[in-house]
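Q: Please take a close look at the aromatic rings here. How do they pair, and where do charges sit over them?

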Amino acid sequence: MKKYDVTALGELLIDFTENGTSGQGNPVYEANPGGAPCNVLAMLNKTGRKTAFIGKVGQDIFGNRLRAVLDETGIDTSNLVMDGNVRTTLAFVETLPDGDRDFSFYRNPGADMMLREEELQEDILRNTKIFHFGTLSMTHEEVRKATKKAVAIARESGALISFDPNLRPPLWASLEDAKEQAAYGFSQCDILKISDNEIQWFTGEEDFDAGIQKLRAQYNIPLIMLSMGREGSRAYYKDLCVETAPFLQDATVETTGAGDTFGACCLHHVLEYGLEHLNEEKLIRMLTFANAAASIVTTRKGALRVMPEAAEVEAFIESRKRV
């Protein structure tokens, strides 16, 4: 038996999100713990899964707070490296009038990009059912080496590989480099979570189905989940394409972490059902739960500390059935 259901490697940082205006008319920012891989793990913990995180933060105020939050959340931090020579990565998040977000990163360098191969605890990677990663741990050479080594160890040990491109253009020297590393992720993964704008960016296809078809023809990924924001989501598995509607809310505050929440819920259902025996009914159940959880998160500031319990998600789905 594997000790961990899901282990993720990548960025752990502070998301400074807008939270009102000061008496002097200046924007007030709230320091929310964040980073896509840990958002995923935090939601998985809410569904009762055992998780572990591999990454690096600074030995500073923010790094210490982040470690405390992960411990509080129940995520295993035994391979969270504290580095006294570099600062914890920071991101400032602005919500635009159309609901989209703009990011400003303070990461030159940031602790998350300084993880090294020799700092990986291989026993964690060998004892996980699913290994999850994204491209932010592949923007620079040394952390890229660590990521690829982790993928290789996990795969050799029988883990399923989960990948989310999580494209953040400002963090790349060029978008061609980003495409190259995304292609590596596609070539390695068994489970892919990708957004509508990412599939269009990578494949050049405006039509989502055409883009997914192109991706599957090249990489033969067993399960692909496509998040489409206010349009809902789709799952592509064998000869199936299943689509479910979103749960739109008037109380939406921001969308930070919604995609991570969605992806985590899909991983939870893969663990529940297995990757080999999915069918239309199971995929609909998976996407419905994932859409609902993501919708709940959009009504809350931040992501990592405010993930909903599984029972809350189920109750929310039931309440919508009665409307």
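A: A charge sits over a ring if NZ of Lys or CZ of Arg is within 6 Å of the ring centre and within 35 degrees of the ring normal. The charged end of K148 meets this over the ring of Y184, at 4.7 Å from the centre. K179 has its charged end over the ring of W201, 5.8 Å from the centre.

The model is predicted: local features need pLDDT of at least 70, side-chain atom pairs count only at pLDDT 80 or more, and totals for chains, interfaces and linings use all residues. Residues are numbered from 1 along each chain as its sequence is written, and side-chain values use heavy atoms, with hydrogens and water left out.

Now the ring pairs. Rings of Phe, Tyr and Trp (its six-membered ring) pair if their centres lie within 6.5 Å; planes under 30 degrees apart count as stacked, over 60 as edge-to-face, the rest as tilted. The structure holds 14 aromatic pairs. Y29 and F92 are edge-to-face, because their planes stand at 80°, with ring centres 5.4 Å apart. This pair links distant parts of the chain, 63 residues apart: Y29 lies in strand β3 (residues 27-34) and F92 in strand β6 (residues 90-95). Strands are DSSP runs (E, at least two residues), numbered from the N terminus.

Buried means under 20% relative accessible area, exposed over 50%, partly exposed in between (1.4 Å probe, protein chains only). Y29 is partly exposed at 35%. F92 is partly exposed at 26%.

F131 and F133 are stacked, 6.0 Å centre to centre and 20° between the planes. F131 is buried at 0%. F133 is buried at 0%. Ring pairs join F131 and F133 with F163, Y184, F186, W201, F202 and Y219 in a cluster.

Conventions: Helix = DSSP H or I, 4+ residues; strand = E, 2+ residues; numbered from the N terminus.
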